[in-house]
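Subject: The structure, and what turned up in it

Hi,

Here is the structure I promised to pass along. Have a look at it first, and then read on for my notes.

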Amino acid sequence: MKHRTLRSLRKTIAIAPLLLLPLMAQAHRSFLVPSSTVLSQTANQWVSVDAARGNDLFFFNHNALPLEGLQIISPSGKATDPAKLERFRYKAVFEWQLTEPGTWRAAVVNDGLRVQWQENGQAKRWNGPAADFALHVPATAEKLSVNQVASRVETFVTMGKPSAVTPTGKGLELRFATHPNDLAASETATLTFLQDGKPAPQLKVSIIAGGARWHESTQQMDGVTDDNGSIQVRWPSAGLYWINASTRVAATVAQAKQKSLTYAATLEVLP
């Protein structure tokens, strides 16, 4: 389903093109895969989403993606709880009913600490919110390593007419000049990355098509955002694509020295 009214509003933006590079091995990519990304009917619609970490996109061959930070946001901005959520060995599954027409956002969002230390000669690890640091990590911890991590893994589902996707202003995220559910093969889309609500220049971005295990010459597209945080991609073919970016900044909590920001999204490109 294509929305020509959206395409007519696209603006021409000067941005750095992505370069085609050989697919590089990378383990344990986190992703969400919805049962549908575009639904034309606007009543009695449901969506199920698979959430996993996999060595291949989009296959469930490593483990389930933890869903403690799951957020389902309606087109009007309301938070919605999943009607059902199950966790299995290789994937988690959640579903909800779309009660409003427009574009829904499903995301797993986390912002906390990853801590490693030694205690009585034994290696210890803890992940959790900064406010709970003292409750789980002893003051006498040896070889202490503390990293602040903020991550967002998301996808989008539109029922009926698309609606705007509003950035949250927190962490790494995308602002879409081209609607995320209005992407088509052989067309060009503008993606603008934001870091805490501001353009993220010189950010390395990778875009990888799913189904690599079936194609000997599968390629990924790598590029760097311009001064406006924007990048341009011409979709070579229809299918599911995984978009990923990451960076490091100064930590915003006392326990850590640096903060790792990561972003990943699953988008469907239609024929």
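Is Asn-44 buried or exposed? Asn-44 is exposed, with a relative accessible area of 66%, where exposed means over 50% relative accessible area, buried under 20%, and partly exposed in between (1.4 Å probe, protein chains only).

Before going further, two words on how to read all this. This is a predicted model, in which local features need pLDDT of at least 70 and side-chain atom pairs count only at pLDDT 80 or more, while totals for chains, interfaces and linings use all residues. Residues are numbered from 1 along each chain as its sequence is written, and side-chain values use heavy atoms, with hydrogens and water left out.

**Overall layout**

The chain has two helices and 20 strands; these are DSSP runs, numbered from the N terminus, with helices being H or I of at least four residues and strands E of at least two. Of the 271 residues, 45% count as buried. Among contacts (heavy atoms within 4.5 Å) between residues at least 6 apart in sequence, 68% join residues at least 24 apart.

**Two positive phi angles**

Back to Asn-44, which sits in the loop between β4 (38-39) and β5 (45-54). Its phi is near 55°, a positive value in a residue other than glycine. Most residues other than glycine have a negative phi. Lys-143 also has a positive phi, near 50°, but this residue is placed in strand β12 (residues 142-159). Lys-143 counts as exposed, at 66% relative accessibility.

β3 runs antiparallel to β5, and six bridges join them (two strands pair if DSSP finds at least two bridges between them). Within this pairing, Leu-32 has Ala-51 of β5 as its bridge partner.

Leu-32 also belongs to the largest nonpolar core, a set of 28 residues in which Leu-32, Phe-94, Trp-96 and Leu-98 touch the most other members. A nonpolar core here is a set of buried Ala, Val, Leu, Ile, Met, Phe, Trp, Tyr and Cys residues joined through side-chain atoms within 4.5 Å. The elements that give two or more residues to this core are β3, β5, β7 (70-73), β9 (92-98), β10 and β12. A second, separate core has 27 residues, including Leu-172, Ile-243, Leu-267 and Val-269. Leaving out residues up to four places away in sequence, the contacts of Leu-32 include Val-49, Leu-65, Phe-94, Val-108, Val-153 and Thr-266.

**Strand β19 and its partners**

β19 (residues 239-250) pairs with β16 (residues 204-209) in the antiparallel sense over five bridges, one of which links Ser-206 to Asn-244. β19 is also joined to β20 (residues 258-269), again antiparallel, by 12 bridges. There, Gly-239 has Val-269 as its bridge partner.

**The largest pocket**

What is the volume of the largest pocket? The volume is about 1,100 Å³. Of its 36 lining residues, Ser-30, Arg-114, Val-149, Ser-151 and Thr-262 are the closest to its centre.

On the terms: on a 1 Å grid over the protein atoms alone, a pocket is an open set of points where a 1.4 Å probe fits, with protein on both sides within 12 Å along at least five of seven lines, and lining residues have an atom within 4 Å of a point. Grid points are joined across faces, edges and corners, and the volume is the space filled by probe spheres set on the points.

**Two more residues to look at**

Leu-194 lies in strand β14 (residues 188-195) and is buried, at 2% relative accessibility. Its C-alpha is 7.7 Å from that of Gly-171, 23 residues apart in sequence. Ala-130, in the loop between β11 and α2 (133-136), is partly exposed at 22%. Ala-130 and Val-253 are 123 residues apart in sequence, yet 7.2 Å apart in space, C-alpha to C-alpha. Beyond its neighbours within four places in sequence, Ala-130 is in contact with Leu-113, Val-253 and Gln-255.

Happy browsing!
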